[in-house]
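Try each task yourself before you read its solution.

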Amino acid sequence: MRAFLNTVKLDPLRLFFSPRLLNRRKTNFVSLPSFSYPSKTLNQIQTPGVFYCKEMTTVSSEAAARAVIEVKDKIELNEVEKQIFDRLVNTLRHFNLNTELRVAGGWVRDKLLGKECYDIDIAIDNMLGSEFVDKVREYLLSTGEEAHGVGVIPRNPDQSKHLETARMRLLDLWIDFVNLRSEDYSENSRIPTMTFGTAKEDAYRRDLTINSLFYNINTGSVEDLTGRGIEDLKSGKIVTPLPPKETFLDDPLRVLRAIRFGARFGFVLEEELTKAAACDDVKNALKAKISKERIGTEIDLMISGNQPVKAMTYIADLTLFWVVFNLHPKVEPTVSEECQGLCVAYLDAAWNLIHLIGGSSFTVPVVNYIFRDSLKQKASDPETVIKIHRSLEKFLTLIPSLTSNDDTQPAEVDMGMELFDVPITSKLRVATGFLLREVKEFWRVGLLISTMLYPSDMDSTQDFLEKKFELDRRKDLFKAAEDAIVNLGLEKVWDLKPLVNGKDIMTVLQLKSGGPVVKEWQQKLSAWQFAHPAGTVEECLDWMKETHLKRAKME
C-alpha cells in the first residue's frame, strides 16, 4: 500500500480540487453524462447535447456548427430591472443629458439565453462612471430616495484593473458604471492606454464576440456591433472580435477566459482561436504579463463551474497546462509525459464519482505548491492539503474494516502514539476517531480520494488514462465507509469535548505545570473516550488513576 501511494508523488487528483468544486455537492444529483479524456483535436470536443462515449468517439466541428442554441429575439426585463433602468433614464431627463446608457457584456448574453443575471455593468458614452453616479444620486435625493453604497473603485493596472469603476446599490443590486473606451496596448505590457471610445470600438476591444453585445437602455434594443455576437451565440462558438492572436497578445488572460466560457456553455473554440492560444508567443505572454493571482482566479472559476473536466481538457490540449500549473524548478521526481493527462483523468473520475455519490457534503482546499505559489491562493490551503494527503494511507488501512459486514477490526494504524487498554472491539472506533480529528470537516474528502486510490485488479495509471474508473464500485465503497463512520457516531468527532481537562490531569499526576506528560495523557484519555462513548467523567478519571498506578508500579 505504501509503495502504491508513493507512486503518486505529484498526487494529480489533489491538483484540481477547490472549495467550490466539492462544497457545492450538498444535494442529490440528476444523472449526468460522463466525459472522456481529451481527444487529439479541440474541434472535436463535445458540444451541447452531444457527448463522448466510452470508446472516445468524437464530435466533428461540422456537427458542432449545426448545434443551434436557442437565443431570444429580444431581452425581457424583470420588474427590478425595469425599475432600475427607469431611474437611470429619469436621471438623463432630469438633467437634460444627451447621454446613451448601455448594459454591456455578460448580462446581455445571459438574458438572450433566457438566464437571469444580477451582474449589471453600465457603459456610458460621454462621461466617466463616477460623474454619472453623482447625477443619479442627486436625482434620487430630489425624489426623496436615498442612494446606497456609492463608491469608486480606482484604476489598478497591476491587478488588471485598467479603468475606474463607479458603483452604487439600486434596489438591492450592485450596479457598476464605466465609460465606453478604446484601448492601445504597448508591446511589453498588458496595461493599455485608455481613451474615450465609441460603442463599436468598445465592442471590438472585448474578449469574445458573445461578450461584446450591448443592451441600449435608451432605445430598449440589443446592439450587435461586431456583426457576429448573436450569430456566434446561436451557433455555440467561441470567437474573438479581432484576430485571436492580436487579442491574446494584447491581453493574454483572454485565453483563459475563452476556455472558461467555452467549457461553461459547451461552445466550440474556433480553430483559429485554438491555434493562437497554443502558440509560443501567446504562452510566453501569459507567463510574462499576467499575475499569478489573476490566473488563479480564472482557474478557480473553471473548477467551480459546471464543466471543470472540459475546461482542464482544453488547457491540456492547448499545451497551456504547465504554463498555468507551473511546478517548482527543482521538483522531484521528474514529471512524466503522461502527468497532465493523468491529472485530467483523475479529475474526470473524481467529478463523476462525486455525482454518483450524490448527497454527501464535501469541503477541500487546493493543492500545495501549485495553488500557493503558481496561483497565489490563500496560505492556509496547503496545510490542509498536506493533512488530507497524510490521512490517505490511514483511510486505506481502515476501509476494509469500515466496509466489512462483520466485526473485523483494523490492522495496526500508525496513530503516532501507543494506545493502552483499548478493547479489541473498540479499535476501529478509536483509530477512526483519531483520524477524523486530524482532518476534521475534510474527512469526506480524504475518504473520497482514498476510494479513488483503493487497490483493485486494474493498472491505476494506464486504466485511469483509458477511463476505466470502476466508478460504481468506488461509489459503493465510499458510501459503505461513510455510513459506517456516521453509524459509529464520529461524523463530527472533532467537536467532542474532552471529559477530563489539563488541570484535572495535573491534579491526578500531582504535577505543578503542564508539558509533554500532560499532552500524552490527553491523547490516552481521548482514546478511552472514543472507546467508551457513553463513559462519564468519574469513570474516565478512575481509569486514568488505575492506569497511572499500574504504570508507576511497572517503573
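**Exercise 1. Decide whether F85 is buried or exposed in this predicted model.**

Step 1: Look up the relative accessible area of F85, which is 4%.
Step 2: Compare that value with the cut-off: buried means under 20%.
Step 3: F85 is therefore buried.

Now try W107 in the same way. With a relative accessibility of 0%, W107 counts as buried too.

**Exercise 2. Classify the ring pair formed by F85 and W107, and say what it ties together.**

Step 1: Start with the whole structure, where a search finds 10 aromatic pairs.
Step 2: For F85 and W107, the ring centres are 5.8 Å apart and the planes meet at 75°.
Step 3: Plane angles over 60 degrees count as edge-to-face, so this pair is edge-to-face.
Step 4: Find the two residues along the chain: F85 belongs to helix α5 (residues 79-94), while W107 belongs to helix α6 (residues 106-112). The pair therefore links parts that are 22 residues apart in sequence.

**Exercise 3. Check the length of α5, then look at its start and at what follows it.**

Step 1: α5 has 16 residues, so at 1.5 Å a residue it should span 22 Å.
Step 2: Its end C-alpha atoms are 22 Å apart, which agrees with that span.
Step 3: At the start of α5, a side-chain oxygen of N78 comes to within 3.2 Å of the backbone nitrogen of V80.
Step 4: After α5 comes N96, with a positive phi near 55°.
Step 5: List buried residues of the helix; among them are E81, I84, F85, L88 and L92. To read such a list, remember that an α-helix has 3.6 residues a turn, so residues three or four places apart point the same way.

**Exercise 4. Find the partners of strand β2 (residues 120-124) and explain why it is largely enclosed.**

Step 1: Strand β1 (residues 101-104) is joined to β2 by 3 bridges, and the two run antiparallel. One of these bridges has R102 and A123 as partners.
Step 2: Strand β5 (residues 173-179) pairs with β2 in the parallel sense over 5 bridges. Here I122 has F177 as its bridge partner.
Step 3: Because 4 of the 5 residues of β2 are buried, the strand is largely enclosed by the rest of the structure.

Note on methods
Residues are numbered from 1 along each chain as its sequence is written. This is a predicted model: local features need pLDDT of at least 70, side-chain atom pairs count only at pLDDT 80 or more; totals for chains, interfaces and linings use all residues. Side-chain values use heavy atoms; hydrogens and water are left out. Rings of Phe, Tyr and Trp (its six-membered ring) pair if their centres lie within 6.5 Å; planes under 30 degrees apart count as stacked, over 60 as edge-to-face and the rest as tilted. Buried means under 20% relative accessible area, exposed over 50%, partly exposed in between (1.4 Å probe, protein chains only). The expected span of a helix is 1.5 Å times one less than its number of residues. A polar contact is a pair of N or O atoms within 3.5 Å; within protein, one must be able to donate a hydrogen and the other to accept it, and residues adjacent in sequence count only if both atoms are side-chain atoms. Two strands pair if DSSP finds at least two bridges between them.
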